[in-house]
Amino acid sequence: MASAAFPLPSVISGVICNRPFLRCPSFFIGKSCLRPRPFRGGRARANRFSYLTASAKNKRSSLRIPQETLHQNLFPKLLSFSAFYQGLKKAESVIAAILILFQSSFTLPLSTWDTLFISSANAVLFSPDTKVPRTGELALRRAIPANANMKAIQDSLEDISYLLRIPQRKPYGTMEGDVKKALKIAMEQKESILGTLPEELKEKGSLLYTSLTDGKGGLKNLIEFIKENDPDKISVVLQSSLDTLAELELLQAPGLSFLLPEQYLKYPRLTGRGVVNFVVEKSDGSTFFPTSGGEPKSFATIQVVLDGYSAPLTAGNFAKLVIDGAYDGVRLKCTNQAVLSDNELENYGYSVPLEVKPSGEFEPLYKTALSIQDGELPVLPLSVYGAVAMAHNTDSEEYSSPSQFFFYLYDKRNAGLGGLSFDEGQFSVFGYTTMGRDVLSQIRSGDLIRSAKLVQGQDRLVLPEQT
């Protein structure tokens, strides 16, 4: 791990070689040839005597340096340089080993190392604060365009999820402080939270608010279990609170929080969330084995949540294709990291531009992939098992395929820096598998989609006007 994060030998070599005291071999050779080593002792006296007694005729030859003198002066220099160089390489290896050993003694990289060995842009990938969502549910919850108060409550509760991962002595005091902070915001900002709801949704919103603060599985109940230091109960109630919070946030986000560019209004668009159920069937007579128990069957159901808040064009085009029955009977093919629909040559749907919404931005980028090396991260990351994205167009990577999509089988062992996929930010991700994730690994090339149905979100689908 250390060698992947910090290429120590090259870094150390680069630092030392930039010092002014290290010279190239030609420097020593040139100096040795121009200025021979002076004679000492008896040889010096003999040389001076030869100089004083020589005649003018052989004066030049008496001053000539003997042939062996050049070798006597040159080779010691080269040998000295070689010894210095070998010593330098040994020192470099020792320093590298010390740094690797030192880093392996810590669970987190030292903050001062970032400025010495990695750039500020690449530091994002090593930082534990990156907190890239690792589940579809978490990514979808973060993508909801709710108001600032709701997001503050969400951040406090999600911090507890990370604190629960600490093995042994968990910081229950910090957890309690996070919940009390969230509860305080909820109580003090009640009018602000409920006041943003549409009139027809206020009654449902009020019930969700009460459930979040006072209900079983709410914030007050969560504080009680934290005081009992029971991590299992804390985890269950925390998930319940986050689910209730997400429902309330969805009520606050009735549509897109940004305006689409005019040239893209000709595409179908999804202005919220949608849910698609796939029924996948084995083609060779074998069966799917549900990991949660149940009877093995030749078919299985996969549920995908579409996110129009972050990818309205891509999700809208996909939802329209599902309604039109474009995926019914389509076969699937598998690679090591994806399950793809085998329909790349069919001309159904729209060729939608590449659509990726960067984290921290208000609207998606079009025809532009993200640069992960520069610290750009998407709201809907590909680095989640069961992420759903469109394949690239066969003619241009600035556009997505009109109809071919894939389920991404994220595997940390095949990931790059920071646990991110090497293809992160390069595809239009528009949803996540929320049910049937265990089925994805059992699909084989040749299996087919018996049916695909849009069971929620058709009221959020806006179709372009026909001209």
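Tutor: E199 and K202 pair through their side chains in a salt bridge, 3.6 Å from N to O. This is a predicted model. E199 is exposed, at 63% relative accessible area. K202 is partly exposed, at 31%.

The whole structure holds 12 salt bridges. Another one of them joins R142 to E158, with an N to O distance of 3.2 Å. R142 belongs to helix α9 (residues 136-142) and E158 to helix α10 (residues 148-163), so this bridge ties together parts that are 16 residues apart in sequence.

Next comes D447 with K282. Their closest N and O atoms lie 3.4 Å apart, in a salt bridge. The partners come from distant parts of the chain, 165 residues apart. D447 sits in the loop between α17 (437-440) and β11 (448-456). K282 sits in the loop between β2 (273-281) and β3 (299-307). Both D447 and K282 are buried. Elsewhere, salt bridges with shared partners join R141, R142 and E158 into one network.

The charged end of R450 sits over the ring of F299, 4.9 Å from the ring centre.

Now the rings. The structure has 12 aromatic pairs. One of them is F318 with Y327, a tilted pair with centres 5.1 Å apart and 35° between the planes. F318 is buried, with a relative accessible area of 0%. Y327 is buried too, at 0%. F318 also pairs with F430: the ring centres are 4.8 Å apart and the planes meet at 45°, so this pair is tilted. F430 counts as buried, at 0% relative accessibility.

These contacts belong to a wider group. Ring pairs link F278, F318, Y327, F405, F407 and F430 into a cluster.

Technical notes: Residues numbered from 1 in each chain as written. Predicted model: local features only at pLDDT ≥ 70, side-chain atom pairs only at ≥ 80, totals over all residues. Heavy atoms only, no water. Phe/Tyr/Trp six-rings, centres within 6.5 Å; stacked < 30°, edge-to-face > 60°. Buried < 20%, exposed > 50% of the residue type's maximum accessible area, 1.4 Å probe, protein only. Lys NZ or Arg CZ within 6 Å of the ring centre and 35° of its normal. Salt bridge = Lys/Arg side-chain N within 4 Å of Asp/Glu carboxyl O. Helix = DSSP H or I, 4+ residues; strand = E, 2+ residues; numbered from the N terminus.
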